[in-house]
Amino acid sequence: MAVREMNWLPQISPRFCRILQRNSQVLRRTWMISFLPPILEPVLYLLAFGAGLGLLVREISYRGEPVSYVAYIAPALIAINIMYNAFFENTFASYVRMYYQKTYDAIMATPLNLDEIITGEIVWGAVKSLIATILMMAVISFFRLLVYPQALLIVPLAFLGGLVFGSVAMCFTALVPQIEVFNFPIFLFITPMFLFSGTFFPLETLPHWAQVLAQVLPLTHLVALVRALAMGKLEGQLLLSLLYLFFFSAGTFILAIVLMRRRLII
Amino acid sequence: MVVVCHTVVRRIGGCRTVGLSRPTADGNWLVDLNVAYLEMPEPLIFSKDLCKTFNGLKAVDGISLRMSRGECFGILGPNGAGKTSTVRMIYGFSPVSSGTLKVFGMDIQKHARLIKAKSGVCQQENNLDPDLTVFQNLVTFASYFDIPRANARQRASELLRFMRLEHKEHAKILELSGGMQRRLVIARALINKPELLILDEPTTGLDPQSRHQVWARLAELKAQGLGILLTTHYMEEAAHLCDRLVIMDHGRILVEGGPLDLIHQNVGVNVIEVESPSESLLKFVKESDLDHEELSHRLLIYTRDGETLFGKISEGFCDRGCSLRMATLEDVFLKLTGRELRD
């Protein structure tokens with residue numbers, strides 16, 4: 001018994017890819033519904049902020065240089081999209097599969113173990129973030145708001161960002177007693193990040209304590225990275241943001257698996 | 001002198017007896033018992049003092065059982081008896097709290113993945129994948145067992161035919177009736193050609209037609225030599241399918257044996273039921289020391305010699321509502337687990 005309790009590290013084989021296959025098979029039927037938002041959303045946002053708010057703000061200072069407001073927020077929209085895709089996939093969609101459809105129960109009676117199922121689900125959330133990012137980048141490119149080839153690095157970054165928010169989401173999925181409770185993490189975690197991660201205005205305009213707090217939020221680092229890549233302005237300091245996202249996803253990934261085992265293995 | 005030796009293989013109570021035989025002078029064969037030895041087949045499932053505790057509750061409290069290959073073994077019990085907890089440990093879903101549990105001779109705690117690869121499981125809820133079609137359900141499930149896609153498609157078609165579902169190949173799960181869903185769950189459990197099929201209440205909630213359809217398919221599988229472990233609270237189902245069964249309650253095994261043996265050992269051959277028994281009959285029953293049960297407005301008398309006793313009772317004590325019937329597994333079940341509600 002003691003041996004098993006110490007064994008908290010995820011036990012994962014490449015079998016987790018079976019979950020990706022299963023989910024992609026479902027997506028082949030529903031892709032229209034899943035990927036319409038990443039195509040339409042940036043158009044709506046860019047219209048609203050570009051034609052509406054943009055007329056008031058016009059320019060904003062980014063690293064000492066003035067950039068148009070639309071160019072400032074376009075990368076943030078990509079980062080938010082990465083967050084949303086993975087987070088909603090691994091909260092609501094995963095919860096439905098786990099709780100209502102009992103899909104995990106059925107798979108746990110096969111050679112796959114729970115760790116692999118959860119890994120497959122989280123990686124799937126990241127894959128969805130990645131696909132949505134490619135679609136969204138295609139749309140934003142029409143507005144000439146991305147600097148290539150640097151912006152291409154946003155694609156692998158989207159996968160890492162997907163792992164970050166998918167793992168956090170999976171922790172909530174392991175904890176919530178019922179599906180309505182997801183409103184709490186959305187209200188207390190996602191919405192504040194959406195607003196206060198350097199998305200629509202520079203962090204420097206915030207009071208000092210809020211700036212420090214913002215550094216804890218993973219979206220702050222994702223926005224910083226996506227914005228730098230989109231504008232083609234890479235610098236060494238970004239490596240810290242990348243490391244932060246890496247360790248954040250590793251930590252929450254292990255936590256998600258431990259919490260899921262506690263919930264489902266009884 | 002030429003001595004012809006034959007290896008004799010006989011089945012005695014599920015065990016293979018292997019010995020050497022030689023011809024005798026009078027033309028008979030003599031089995032040399034000195035060289036005969038018992039070759040105990042490795043049990044499919046073996047458990048000893050198996051326990052499962054969760055939330056401070058002992059759901060399974062020291063179960064020891066042994067199930068052979070090719071056998072249909074039943075676990076019966078009222079709701080909350082520990083049936084599902086037991087099978088969930090057997091198919092590697094729940095960790096064992098204490099005791100030994102081996103499936104295919106392998107320790108479930110060390111070789112869960114191997115054991116699961118060779119088992120087919122039909123859980124209590126219909127957890128088919130509603131996001132996929134009937135055919136996709138089978139093929140996708142096959143992928144979890146690393147079955148190559150071409151094989152999986154062929155096997156899926158075979159199983160749909162076997163389960164009489166071939167016309168529903170492209171249907172969505174929610175379009176299927178309860179009976180069809182259940183058959184599809186069983187088909188799915190067979191996708192990996194398992195050596196052990198575990199069914200947790202396979203026919204709960206089905207109409208009689210569907211239930212008999214499922215039984216017919218299970219009987220066919222059993223005839224092919226598949227080992228089947230079944231939990232149920234339908235006595236008819238257990239009597240119909242099981243070679244051997246246990247009745248469980250409060251996490252423990254109460255009795256174990258073949259369905260008929262259990263009936264004969266615990267309640268006899270016949271049951272005489274009397275509606276609103278008279279005082280004189282009750283007195284007679286008690287004085288004759290007959291095995292009986294008094295319910296409200298009803299008396300049950302368990303007996304091995306139904307005809308004679310029934311004659312005596314129906315003539316002497318009964319004016320209405322008195323009947324003689326064969327004893328069933330349900331009588332055993334109710335006698336052992338009591339009649340009070342369990343929810």
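A salt bridge is a side-chain nitrogen of Lys or Arg within 4 Å of a carboxyl oxygen of Asp or Glu. By that rule, the count between chain A and chain B is five salt bridges. The structure is a predicted model. This briefing treats the contact between the two chains, then the make-up of chain B, and then selected residues of each chain.

**The contact between chain A and chain B**

- Chain A contributes 26 residues to the contact, and chain B contributes 30 residues.
- The two chains bury about 2,600 Å² between them, and carbon and sulfur atoms give 52% of this area.
- Gln25(A), Pro111(A) and Ile266(A) supply 23% of the area that chain A buries against chain B, which is more than any other three residues supply.
- One of the five salt bridges joins Arg113(B) to Glu116(A), with the closest N and O atoms 2.7 Å apart.
- Between chain A and chain B there are also 15 residue pairs in polar contact, counted where both residues have pLDDT 80 or more.
- On the side of chain A that touches chain B, helix 2 (17-57) and helix 4 (103-108) of chain A each supply at least two residues.
- Helix 2 of chain A gives the largest share of that side, namely six residues.
- Sorted by class, the side of chain A that touches chain B has eleven nonpolar, seven polar and eight charged residues.

**Chain B as a whole**

- Chain B has eleven helices and 17 strands.
- Chain B is 343 residues long, and 48% of these residues count as buried.
- Among the contacts in chain B with a separation of 6 or more, 64% are between residues 24 or more positions apart.

**Helix 8 of chain B**

- Which residues of helix 8 of chain B are buried? In this helix, which spans residues 259-266, they are Pro259(B), Leu262(B), Ile263(B) and Asn266(B).
- These four residues lie on the same side of helix 8 of chain B because they cover an arc of only 100° around the axis.
- The exposed residues Leu260(B) and Gln265(B) are carried on the face of helix 8 turned away from its buried side.
- The cover over the buried residues of helix 8 includes two other helices of chain B, helix 7 (235-241) and helix 11 (329-337).
- This cover also includes strand 12 (244-249), strand 13 (252-257) and strand 15 (291-295) of chain B.
- Just after helix 8 of chain B, Gly268(B) takes a positive phi of about 90°.

**Thr337(B), a buried residue of helix 11**

- Thr337(B) is placed in helix 11 of chain B.
- Is Thr337(B) buried or exposed? Thr337(B) counts as buried because its relative accessible area is 5%, whereas the limit for a buried residue is under 20%.
- A polar atom of the side chain of Thr337(B) lies 2.7 Å from the backbone oxygen of Phe333(B).
- Apart from neighbours within four places in sequence, Thr337(B) is in contact with Pro78(B), Ile247(B), Met248(B), Asp249(B), Leu254(B) and Arg342(B).

**Leu225(A), a buried residue of helix 9**

- Leu225(A) belongs to helix 9 of chain A, which runs over residues 218-231.
- Leu225(A) is buried, with a relative accessible area of 7%.
- Leaving out residues up to four places away in sequence, Leu225(A) touches Leu157(A), Leu238(A), Ser241(A), Leu242(A) and Leu245(A).
- Leu225(A) and Met137(A) are 88 residues apart along the chain, and their C-alpha atoms are separated by 15 Å.

**Backbone features in loops**

- As background, most residues other than glycine have a negative phi, and most peptide bonds are trans.
- The peptide bond from Tyr148(A) to Pro149(A) is cis, and its omega is near 5°.
- Pro149(A) lies in the loop between helix 5 (114-142) and helix 6 (154-175) of chain A.
- Arg144(A) also lies in the loop between helix 5 and helix 6 of chain A.
- The phi of Arg144(A) is near 55°, a positive value in a residue other than glycine.
- Arg144(A) is exposed, with a relative accessible area of 75%.
- In chain B, Ser276(B) has a positive phi of about 40° although it is not a glycine.
- Ser276(B) is found in the loop between strand 14 (270-275) and helix 9 (279-287) of chain B.
- Ser276(B) is partly exposed, with a relative accessible area of 38%.

Definitions and conventions: Residues are numbered from 1 along each chain as its sequence is written. Chains are lettered from A and ligands numbered from 1 in the order in which they are written. This is a predicted model: local features need pLDDT of at least 70, side-chain atom pairs count only at pLDDT 80 or more; totals for chains, interfaces and linings use all residues. Side-chain values use heavy atoms; hydrogens and water are left out. Buried means under 20% relative accessible area, exposed over 50%, partly exposed in between (1.4 Å probe, protein chains only). The arc is that of the directions from the helix axis to the C-beta atoms. Contact means heavy atoms within 4.5 Å. Buried area is the accessible area (1.4 Å probe) that two parts lose on being put together, summed over both. A polar contact is a pair of N or O atoms within 3.5 Å; within protein, one must be able to donate a hydrogen and the other to accept it, and residues adjacent in sequence count only if both atoms are side-chain atoms. Ala, Val, Leu, Ile, Met, Phe, Trp, Tyr, Cys and Pro count as nonpolar, Asp, Glu, Lys and Arg as charged, and the others, Gly among them, as polar.
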